[in-house]
Amino acid sequence: MMASPFSAKARYVLLVLMILLFAWLAAWSLPKITLQNHLTAFFPAPQTTEQALLQSTLKEALSQDQRQQPVMLALRLPNPTDTAALLQAGNQLKALLQADTSVARVENQPPSLLAAQTAGLLHYRYLLASADFSEAALQAGLQTLWQAWQLGIVPDKTQALADPTQQWLRYIGQMQQQTQIAVRDGYWFAEDTQGAAALLLVHLQADEQAAAHFWAALQTIQAQQPQWRIQASSPALIAWQARQTIQSSIQQLSVLAMLTVLLFLGWRLRKPLWVALSFVPLAIGSLLAVLAVQWLFGFVEALALALGVVLIGVAVDYPIHAFSARRDGQAVEKRAWPLIRLGALTTAAGFVTLFVLEIDGLRQMAVFAITGILSAMWLTRALLWVLPSTTATEMAGQPAQTTPQVGSYGHWLLLAGLLLAAWPLSQKWLWQDDLASLSPVPQGLLQQDGELRRHFQQAEAGQFLLVSAPDVETLLQRQEALLPGLLSLQQQGQIAGKTMLADLLPSQALQHERQYALPAAADLQPALLAAAQQAGTPFQAKHFAGFIAEVEQSKNLPLLDLKGFESQAAGWQRALADHLLTQQKDGVVGKILLRQVADKDSVRTWAHAQGLVWFDQREFVAQSVGALRTQLLQVLAAFLVVMLLVLWAVKAQSLSWKRAFTPACSLLMPVVLGLVFTYAILLALGQVLTVFHLLASLLLIGIGLDYSLFAQSARNDKQPEYLRSVHAALLTTLLSFGFLLLTPIPILVAIGQVMVVGVLAIYVSARLFFKV
């Protein structure tokens, strides 16, 4: 080996400078990384227009700001029949919450509809909702108004006389979803099998930490009032609790795994510097991988980052193999490096197969893994150049190279048997495609969220109808045409109610129809006087001047379009309209939100008959994950084929192409055999498989190939000491990934299961296959 022109001291200086350079690069670049969390980035490309619509709708739903949705609260007391005490406690809780800085406002009663009047839209009342100007309707309205007048509960008599039929209140009332909540003594109230509960809506500040601060405040209140039983839920609160679960679990287990691996490597290598440097390739490789993804895609998917870090976990084995070989002497070191390099290049080539799928998330994972693996390999080589060589002498003689005596027929028969054994993996019943079941949020919290949604009459969060149209006006007309069918579903008990854009803003065609039907002043005034007399009220012609003027004004108003509506609507109306309408390149899509869907199949059947798209987030995600699973199984097979071709090409450099197939194929046999055993063991233990088991299998193949390479080399050279580094790598893998089995996060548990069972299965298979 040619002597290095650098002294040992100079090499260490270069190493320190390199580490400092990458540390500066990390400090400068990582804060600039754009991190996104779009589950749809891992879904296969849509094949139909309906799939494209569903995927874009899901992407929109997942990207909505969860902080805008209020927290639902239910307060219960030990004695649920004491309504007075319950409502008093509700007011006390409201005061305590309003004192917290994370809370913008708290509501525990229906808003005053009179206070909800909006000057701009108020004049459109007779165009926004259908009005009845018959003598009977006028008589009933005036009678109700006069009774309220006599009781002294009409705060603005002029405004009340200008709208005696309460047209504006009916329009606002149908959109104020809170008015449908049960009310007792003027406060929101719920009653179920658990007893009575006071209900509150808490609007948080627009702050990233608002959910955390609010949760802490709620815990403090609960501790101060132990007799209260408080239930709280909102998308932002659930998301925060999920993040807390993930972060705390990962932090605790990362520290445990790191300490355990450090202790083991310290015992194995007996050199503190080598132990510390073992983590340099992984750290720098991860940094370069993140930067490569950011540079190529412009952003980094959070799931790709998480899985990518796991996928390049194979890089930890490179310094372990290299340092263990150096410790065992120059002969072992000289033989080990080509195996490490071959394993890295072959694994990186296998990840190229992910580019075949037109799935951005998987392509990011491929870039991450390839960059990380190759960087870690060359950094390991750089560390070997820096560290001093051992004093062990070369072993006398070089063992003769032999080829494992496994006939080609045996290979094909074994391969056929393995494929036959792996065939059940393609069957859908073995897999769990419902990602909701893999949520780190405790099931009790999800059930509590469902209960609170029912109390607050909230629309189904993940179930609604989609109506497509070329423009807003056409969309509104289509929604209006669906109204009889929706009302029929409501009368049949299939749904409890609906909310759509046409409830807020009628089509211009319907506005024109209502405008044309408005009565003339000459007809309206005598009808009003006759109705007032029959209702027994003292109202005279002068009292109806404002009402008649409003009706006359409505005849000359320009028809409202969406832009005009938004310019005059209240804030809550604009927010609701934005939620119910999505602008797309070729038109618009409107949502019809449904409350308390009793029979999902009946509603879906009706929707398809009307040419609508039924959106069920849970079902759509499961279907997309099922399609992803099928493609990942194909990629897994292609991954192995590519690795076989690379190994075959490398072996053909020293052997003929015909003779090179046997040793190349034999290297993958323990890996495939170990994979089959892994899934067989998991199924035998009653484990339902997920796509995350498949993703972890890619990492397992990369690690398993290293085991197979070292086992074949140990057999060919008749040097069992080559396997010492495999033993070390095996134990570090078991120690680090074994801690994942202790997490409450199903995704991490799935990865841990594959790694712990798989590395043992492949290690045993390699030892048995090569008889070492």
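1. Two strands count as paired if DSSP finds at least two bridges between them. Strand β11 (residues 581–584) pairs with β12 in the antiparallel sense over 4 bridges, and Gln 583 stands opposite Val 588 of β12. Helices (H or I, at least four residues) and strands (E, at least two) are DSSP runs, numbered from the N terminus.

2. Before going on, bear in mind that this is a predicted model, where local features need pLDDT of at least 70 and side-chain atom pairs count only at pLDDT 80 or more, while totals for chains, interfaces and linings use all residues. Residues are numbered from 1 along each chain as its sequence is written, and side-chain values use heavy atoms, with hydrogens and water left out.

3. Have a look at what else β12 pairs with. Strand β9 (residues 463–469) is antiparallel to β12, with 6 bridges; Phe 464 has Leu 593 as its bridge partner there. Strand β10 (residues 497–499) also runs antiparallel to β12, joined by 3 bridges, and Gly 497 sits opposite Arg 595.

4. How many residues of β12 are buried? For this strand (residues 587–595) the count is 9 of 9, so to speak a mostly covered strand. Buried here is under 20% relative accessible area, exposed is over 50%, and partly exposed is in between (1.4 Å probe, protein chains only).

5. Now the helices. The axes of α30 (residues 724–738) and α31 (residues 746–770) come within 8 Å and cross at roughly 160 degrees; axes are lines fitted to C-alpha atoms, for helices over the stretch in contact, and angles run from 0 to 180 degrees between N-to-C directions. The two helices are therefore roughly antiparallel to each other (angles over 145 degrees). Residues in contact (heavy atoms within 4.5 Å) include Leu 730, Leu 734 and Phe 737 of α30 and Met 755, Val 759 and Tyr 763 of α31. By class, this contact has 10 nonpolar, 4 polar and 1 charged residues.

6. The other helix pair is α1 (residues 8–29) with α16 (residues 360–386), whose axes come within 9 Å and cross at roughly 150 degrees. That makes α1 roughly antiparallel to α16. On the α1 side, Arg 11, Tyr 12, Leu 14, Leu 15 and Met 18 meet Leu 379, Leu 383, Trp 385 and Val 386 of α16. The class count is 8 nonpolar, no polar and 1 charged residues, where Ala, Val, Leu, Ile, Met, Phe, Trp, Tyr, Cys and Pro are nonpolar, Asp, Glu, Lys and Arg charged, and the others, Gly among them, polar.

Technical notes. Parallel < 35°, antiparallel > 145°, perpendicular 65-115°, else oblique.
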